[in-house]
Amino acid sequence: MQYIPIHKIPYTSSVDGTGPLYADMMFSVDGRPKPLLVVMHGFGGDRALVSQDIHDLAARGLFCIAPDMRGRGESAGKFDACGLDVHDILDAILEAIRMFPGEIDTRNINICGYSGGGGNSFAAFARFPDLFHVIAPFFGIADFGAWHRLHETYDKMLDDIFGGTPEQLPLNYAARNFTLAAANNPSARLHIFWDEEEKTCDPVMNEDFIKAYRAAGHDRLTVHLSKKDDAVRWLHGYRTDHPLLAKGDDIIVKEIFSSPADNALPSKGTLTVCGYVVTKDFQVFIEDGQRGVVKIAYDLTGATPEVTVVENPDNLPVNISLDTPLAIFK
(Lines give C-alpha, C1' and ligand atoms only; values in the text may rest on other atoms or scores of the structure.)
Protein backbone atom coordinates (compact mmCIF):
# COMPACT_ATOMS: atom_id res chain seq x y z
CA MET A 1 0.00 0.00 0.00
CA GLN A 2 1.30 3.43 -0.90
CA TYR A 3 1.55 6.14 1.75
CA ILE A 4 2.12 9.76 0.89
CA PRO A 5 3.76 12.02 3.46
CA ILE A 6 3.04 15.51 2.18
CA HIS A 7 5.31 17.94 3.90
CA LYS A 8 4.94 21.69 4.21
CA ILE A 9 1.47 22.02 2.80
CA PRO A 10 0.82 25.76 2.98
CA TYR A 11 -2.50 27.36 3.83
CA THR A 12 -3.73 30.66 5.22
CA SER A 13 -5.95 31.65 8.13
CA SER A 14 -9.46 32.44 6.94
CA VAL A 15 -9.96 34.65 10.01
CA ASP A 16 -7.07 37.11 9.91
CA GLY A 17 -5.03 36.13 6.84
CA THR A 18 -2.02 34.84 8.79
CA GLY A 19 0.17 32.72 6.56
CA PRO A 20 1.79 30.74 5.41
CA LEU A 21 0.74 28.10 7.90
CA TYR A 22 1.99 24.54 7.41
CA ALA A 23 0.74 21.03 8.04
CA ASP A 24 1.97 17.53 7.20
CA MET A 25 -0.52 15.03 5.83
CA MET A 26 -0.18 11.27 5.53
CA PHE A 27 -2.65 8.68 4.23
CA SER A 28 -2.96 5.58 2.10
CA VAL A 29 -3.68 6.35 -1.53
CA ASP A 30 -6.62 4.13 -2.39
CA GLY A 31 -9.35 6.50 -3.56
CA ARG A 32 -11.60 5.54 -0.66
CA PRO A 33 -12.90 8.06 1.89
CA LYS A 34 -11.09 7.67 5.21
CA PRO A 35 -11.78 9.18 8.63
CA LEU A 36 -9.64 12.25 9.18
CA LEU A 37 -7.58 12.61 12.34
CA VAL A 38 -5.75 15.80 13.36
CA VAL A 39 -2.76 15.21 15.66
CA MET A 40 -1.58 18.30 17.54
CA HIS A 41 1.89 18.89 18.95
CA GLY A 42 2.56 20.33 22.39
CA PHE A 43 2.84 23.86 23.76
CA GLY A 44 6.50 24.45 22.91
CA GLY A 45 6.88 22.02 20.02
CA ASP A 46 6.07 21.69 16.34
CA ARG A 47 4.59 19.18 13.93
CA ALA A 48 7.85 17.22 13.57
CA LEU A 49 7.30 15.86 17.09
CA VAL A 50 4.16 13.98 15.99
CA SER A 51 5.48 12.70 12.66
CA GLN A 52 5.70 9.18 14.08
CA ASP A 53 2.08 9.45 15.21
CA ILE A 54 0.72 10.29 11.80
CA HIS A 55 2.82 7.56 10.19
CA ASP A 56 1.50 4.95 12.65
CA LEU A 57 -2.10 6.14 12.42
CA ALA A 58 -2.13 6.42 8.62
CA ALA A 59 -1.06 2.77 8.54
CA ARG A 60 -4.30 1.99 10.39
CA GLY A 61 -6.46 3.53 7.69
CA LEU A 62 -6.78 7.17 8.73
CA PHE A 63 -6.14 10.37 6.80
CA CYS A 64 -3.78 12.17 9.21
CA ILE A 65 -2.95 15.86 9.51
CA ALA A 66 -0.27 17.37 11.76
CA PRO A 67 -0.39 21.20 11.68
CA ASP A 68 2.12 23.56 13.20
CA MET A 69 0.39 25.96 15.56
CA ARG A 70 0.85 29.53 14.33
CA GLY A 71 4.16 30.90 15.51
CA ARG A 72 5.53 27.38 15.97
CA GLY A 73 7.70 25.34 13.61
CA GLU A 74 7.55 26.91 10.18
CA SER A 75 4.12 28.51 10.52
CA ALA A 76 3.89 32.29 10.43
CA GLY A 77 2.23 34.48 13.02
CA LYS A 78 2.40 34.97 16.76
CA PHE A 79 1.78 31.99 19.01
CA ASP A 80 -1.49 32.68 20.82
CA ALA A 81 -2.04 29.59 23.02
CA CYS A 82 -5.47 28.31 22.01
CA GLY A 83 -6.56 31.55 20.41
CA LEU A 84 -6.89 31.70 16.64
CA ASP A 85 -4.47 28.79 16.29
CA VAL A 86 -7.48 26.57 17.02
CA HIS A 87 -9.31 28.03 14.02
CA ASP A 88 -6.14 27.34 12.02
CA ILE A 89 -6.84 23.64 12.65
CA LEU A 90 -10.19 24.05 10.90
CA ASP A 91 -8.46 25.78 7.99
CA ALA A 92 -6.00 22.86 7.72
CA ILE A 93 -8.92 20.40 7.59
CA LEU A 94 -10.66 22.43 4.89
CA GLU A 95 -7.45 22.62 2.86
CA ALA A 96 -7.03 18.84 3.08
CA ILE A 97 -10.60 18.32 1.87
CA ARG A 98 -10.03 20.77 -0.98
CA MET A 99 -6.87 18.95 -2.07
CA PHE A 100 -7.99 15.35 -1.55
CA PRO A 101 -11.79 15.20 -1.58
CA GLY A 102 -11.95 11.55 -2.58
CA GLU A 103 -9.68 10.42 0.26
CA ILE A 104 -11.58 11.93 3.22
CA ASP A 105 -14.83 10.92 4.88
CA THR A 106 -16.15 14.35 5.82
CA ARG A 107 -18.69 12.75 8.17
CA ASN A 108 -15.89 11.45 10.39
CA ILE A 109 -13.51 14.22 11.54
CA ASN A 110 -11.43 13.64 14.71
CA ILE A 111 -8.70 15.27 16.78
CA CYS A 112 -6.15 14.35 19.44
CA GLY A 113 -3.21 16.19 20.92
CA TYR A 114 -0.53 16.27 23.58
CA SER A 115 -0.19 18.85 26.36
CA GLY A 116 -0.74 22.17 24.58
CA GLY A 117 -2.18 20.09 21.75
CA GLY A 118 -4.46 18.54 24.34
CA GLY A 119 -5.48 22.12 25.07
CA ASN A 120 -6.24 22.53 21.37
CA SER A 121 -8.39 19.40 21.63
CA PHE A 122 -10.37 20.81 24.57
CA ALA A 123 -10.75 24.05 22.61
CA ALA A 124 -11.97 22.17 19.51
CA PHE A 125 -14.55 20.43 21.71
CA ALA A 126 -15.86 23.79 22.94
CA ARG A 127 -15.56 25.92 19.79
CA PHE A 128 -16.61 23.46 17.08
CA PRO A 129 -19.40 21.60 18.91
CA ASP A 130 -20.85 19.84 15.85
CA LEU A 131 -17.71 19.04 13.83
CA PHE A 132 -15.65 16.38 15.60
CA HIS A 133 -16.56 12.74 16.14
CA VAL A 134 -13.75 11.63 18.51
CA ILE A 135 -11.76 14.11 20.61
CA ALA A 136 -8.82 12.84 22.67
CA PRO A 137 -6.71 15.23 24.78
CA PHE A 138 -3.62 13.66 26.32
CA PHE A 139 -2.62 15.48 29.55
CA GLY A 140 -4.09 18.67 28.12
CA ILE A 141 -4.63 22.23 29.31
CA ALA A 142 -8.35 22.80 29.80
CA ASP A 143 -8.01 26.22 31.46
CA PHE A 144 -5.02 28.49 30.82
CA GLY A 145 -5.86 30.78 33.73
CA ALA A 146 -5.82 27.82 36.09
CA TRP A 147 -2.58 26.59 34.52
CA HIS A 148 -1.01 30.00 35.17
CA ARG A 149 -2.11 29.96 38.81
CA LEU A 150 -1.13 26.33 39.41
CA HIS A 151 2.14 26.08 37.56
CA GLU A 152 4.77 28.77 38.13
CA THR A 153 7.15 27.20 35.59
CA TYR A 154 5.18 28.65 32.69
CA ASP A 155 4.02 31.94 34.20
CA LYS A 156 6.59 34.13 32.42
CA MET A 157 5.92 32.44 29.10
CA LEU A 158 2.16 32.91 29.46
CA ASP A 159 2.61 36.53 30.52
CA ASP A 160 4.62 37.15 27.36
CA ILE A 161 2.01 35.47 25.15
CA PHE A 162 -1.02 37.21 26.64
CA GLY A 163 0.61 40.42 27.81
CA GLY A 164 -0.07 39.90 31.49
CA THR A 165 -1.45 37.69 34.24
CA PRO A 166 -4.99 36.33 34.64
CA GLU A 167 -5.61 39.07 37.20
CA GLN A 168 -4.48 41.76 34.76
CA LEU A 169 -6.17 40.32 31.66
CA PRO A 170 -9.06 38.15 32.86
CA LEU A 171 -10.93 38.26 29.56
CA ASN A 172 -7.96 36.90 27.60
CA TYR A 173 -7.68 33.94 29.92
CA ALA A 174 -11.44 33.44 30.16
CA ALA A 175 -11.54 32.90 26.39
CA ARG A 176 -9.19 29.98 27.01
CA ASN A 177 -11.05 28.41 29.92
CA PHE A 178 -12.79 25.56 28.14
CA THR A 179 -14.25 24.17 31.35
CA LEU A 180 -16.72 27.06 31.07
CA ALA A 181 -17.91 25.51 27.80
CA ALA A 182 -17.87 21.84 28.84
CA ALA A 183 -21.64 21.69 28.23
CA ASN A 184 -21.34 22.83 24.61
CA ASN A 185 -20.77 19.46 22.99
CA PRO A 186 -23.17 16.60 23.78
CA SER A 187 -22.28 14.37 20.84
CA ALA A 188 -18.49 14.02 20.46
CA ARG A 189 -16.88 10.85 21.81
CA LEU A 190 -14.47 12.29 24.38
CA HIS A 191 -11.44 10.40 25.69
CA ILE A 192 -9.25 12.14 28.28
CA PHE A 193 -5.84 10.64 29.09
CA TRP A 194 -3.46 11.43 31.95
CA ASP A 195 -1.31 9.80 34.61
CA GLU A 196 -1.74 10.11 38.37
CA GLU A 197 1.82 11.50 38.64
CA GLU A 198 1.35 14.14 35.94
CA LYS A 199 3.31 17.25 36.92
CA THR A 200 3.29 19.55 33.87
CA CYS A 201 -0.42 19.93 33.09
CA ASP A 202 -2.09 19.73 36.46
CA PRO A 203 -4.66 16.89 36.66
CA VAL A 204 -7.15 19.13 38.46
CA MET A 205 -7.85 20.77 35.09
CA ASN A 206 -9.07 17.44 33.73
CA GLU A 207 -11.04 16.77 36.89
CA ASP A 208 -12.79 20.16 36.78
CA PHE A 209 -13.63 19.76 33.10
CA ILE A 210 -15.04 16.28 33.69
CA LYS A 211 -17.21 17.54 36.57
CA ALA A 212 -18.61 20.33 34.41
CA TYR A 213 -19.20 17.97 31.48
CA ARG A 214 -21.07 15.46 33.60
CA ALA A 215 -23.02 18.18 35.42
CA ALA A 216 -24.42 19.12 32.00
CA GLY A 217 -25.84 15.60 31.71
CA HIS A 218 -23.47 14.45 28.96
CA ASP A 219 -22.29 10.84 28.92
CA ARG A 220 -19.96 10.26 25.97
CA LEU A 221 -16.79 10.55 28.02
CA THR A 222 -14.25 7.87 28.83
CA VAL A 223 -11.54 8.68 31.39
CA HIS A 224 -8.14 7.03 30.98
CA LEU A 225 -6.26 7.65 34.22
CA SER A 226 -3.12 5.54 34.57
CA LYS A 227 -1.58 4.63 37.92
CA LYS A 228 2.06 4.17 38.82
CA ASP A 229 1.78 0.36 38.89
CA ASP A 230 -0.03 0.10 35.54
CA ALA A 231 1.68 -1.64 32.64
CA VAL A 232 0.64 1.21 30.32
CA ARG A 233 0.96 4.76 31.56
CA TRP A 234 -0.02 8.02 29.90
CA LEU A 235 3.23 9.82 30.73
CA HIS A 236 3.78 13.38 29.59
CA GLY A 237 5.66 13.64 26.31
CA TYR A 238 5.52 12.00 22.89
CA ARG A 239 5.69 8.39 21.76
CA THR A 240 9.32 8.95 20.83
CA ASP A 241 9.95 9.51 24.58
CA HIS A 242 7.32 7.12 25.92
CA PRO A 243 6.57 4.43 23.32
CA LEU A 244 3.61 3.09 25.30
CA LEU A 245 1.67 6.25 24.45
CA ALA A 246 1.10 4.52 21.11
CA LYS A 247 -1.26 2.19 22.98
CA GLY A 248 -3.70 5.08 22.87
CA ASP A 249 -4.04 4.41 19.14
CA ASP A 250 -5.91 1.19 19.90
CA ILE A 251 -8.52 3.12 21.88
CA ILE A 252 -8.87 6.07 19.52
CA VAL A 253 -8.88 4.12 16.26
CA LYS A 254 -11.40 1.60 17.56
CA GLU A 255 -13.74 4.43 18.57
CA ILE A 256 -13.33 6.23 15.26
CA PHE A 257 -14.21 3.13 13.23
CA SER A 258 -16.67 1.32 15.50
CA SER A 259 -19.03 4.04 16.71
CA PRO A 260 -21.16 5.98 14.23
CA ALA A 261 -20.38 9.66 13.92
CA ASP A 262 -23.29 11.63 15.35
CA ASN A 263 -22.12 15.19 15.78
CA ALA A 264 -25.29 17.22 15.30
CA LEU A 265 -26.27 19.93 17.75
CA PRO A 266 -29.68 19.74 19.40
CA SER A 267 -32.19 21.75 17.37
CA LYS A 268 -32.45 24.30 20.19
CA GLY A 269 -30.07 25.16 22.99
CA THR A 270 -27.45 27.43 24.45
CA LEU A 271 -23.69 27.61 23.94
CA THR A 272 -20.94 29.27 25.94
CA VAL A 273 -18.68 31.17 23.57
CA CYS A 274 -15.06 31.30 24.69
CA GLY A 275 -13.66 33.74 22.14
CA TYR A 276 -15.61 32.19 19.26
CA VAL A 277 -17.85 29.31 18.26
CA VAL A 278 -18.21 27.91 14.74
CA THR A 279 -21.01 25.48 13.86
CA LYS A 280 -22.51 24.13 10.63
CA ASP A 281 -25.30 26.70 10.82
CA PHE A 282 -23.73 29.86 12.28
CA GLN A 283 -20.60 31.33 13.81
CA VAL A 284 -20.12 33.77 16.68
CA PHE A 285 -17.01 35.85 17.36
CA ILE A 286 -16.41 38.07 20.37
CA GLU A 287 -14.27 40.93 19.06
CA ASP A 288 -11.41 39.23 17.17
CA GLY A 289 -11.89 35.89 18.93
CA GLN A 290 -9.05 36.35 21.41
CA ARG A 291 -10.87 37.40 24.58
CA GLY A 292 -14.15 37.30 26.42
CA VAL A 293 -16.98 34.89 27.17
CA VAL A 294 -20.67 35.23 26.29
CA LYS A 295 -23.62 32.87 26.24
CA ILE A 296 -25.86 32.52 23.19
CA ALA A 297 -29.20 30.85 22.54
CA TYR A 298 -29.92 29.31 19.15
CA ASP A 299 -32.91 27.80 17.36
CA LEU A 300 -32.40 25.69 14.22
CA THR A 301 -36.02 24.64 13.76
CA GLY A 302 -37.02 27.38 11.33
CA ALA A 303 -36.04 28.07 7.75
CA THR A 304 -33.24 30.33 9.02
CA PRO A 305 -31.23 29.77 12.21
CA GLU A 306 -31.95 32.21 15.01
CA VAL A 307 -29.05 33.15 17.26
CA THR A 308 -29.15 35.67 20.10
CA VAL A 309 -26.75 36.74 22.83
CA VAL A 310 -28.35 36.07 26.20
CA GLU A 311 -25.41 36.81 28.53
CA ASN A 312 -22.67 39.36 27.89
CA PRO A 313 -21.48 40.53 31.30
CA ASP A 314 -18.61 42.62 29.91
CA ASN A 315 -20.67 44.24 27.13
CA LEU A 316 -18.23 43.10 24.46
CA PRO A 317 -18.89 43.47 20.73
CA VAL A 318 -20.27 40.20 19.33
CA ASN A 319 -20.56 39.31 15.66
CA ILE A 320 -23.10 36.65 14.67
CA SER A 321 -23.01 35.32 11.11
CA LEU A 322 -24.95 32.62 9.27
CA ASP A 323 -22.08 32.41 6.78
CA THR A 324 -19.96 29.61 8.25
CA PRO A 325 -17.06 27.59 6.84
CA LEU A 326 -18.59 24.44 8.35
CA ALA A 327 -21.63 24.64 6.07
CA ILE A 328 -19.84 22.23 3.70
CA PHE A 329 -20.30 19.47 6.28
CA LYS A 330 -24.12 19.69 6.31
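I took two rings of Phe, Tyr or Trp (its six-membered ring) as a pair if their centres lie within 6.5 Å, with planes under 30 degrees apart counted as stacked, over 60 as edge-to-face and the rest as tilted. Since this is a predicted model, I noted that local features need pLDDT of at least 70 and side-chain atom pairs pLDDT 80 or more, while totals for chains, interfaces and linings use all residues. Residues are numbered from 1 along each chain as its sequence is written, and side-chain values use heavy atoms, with hydrogens and water left out.

I looked up the ring pairs and found 24 aromatic pairs in the structure. One of them joins Phe 27 and Phe 100, which are tilted at 55° between the planes and lie 5.0 Å centre to centre. I placed Phe 27 in strand β2 (residues 21-28) and Phe 100 in the loop between α2 (85-99) and β5 (104-114), 73 residues apart, where helices (H or I, at least four residues) and strands (E, at least two) are DSSP runs numbered from the N terminus. I found both Phe 27 and Phe 100 buried, that is, under 20% relative accessible area, against over 50% for exposed and in between for partly exposed (1.4 Å probe, protein chains only).

Phe 125 belongs to helix α3 (residues 116-127) and Phe 209 to helix α7 (residues 203-215), 84 residues apart.

I also noted a cluster in which ring pairs link Phe 43, Phe 79, Phe 144, Trp 147, Tyr 154, Phe 162 and Tyr 173.
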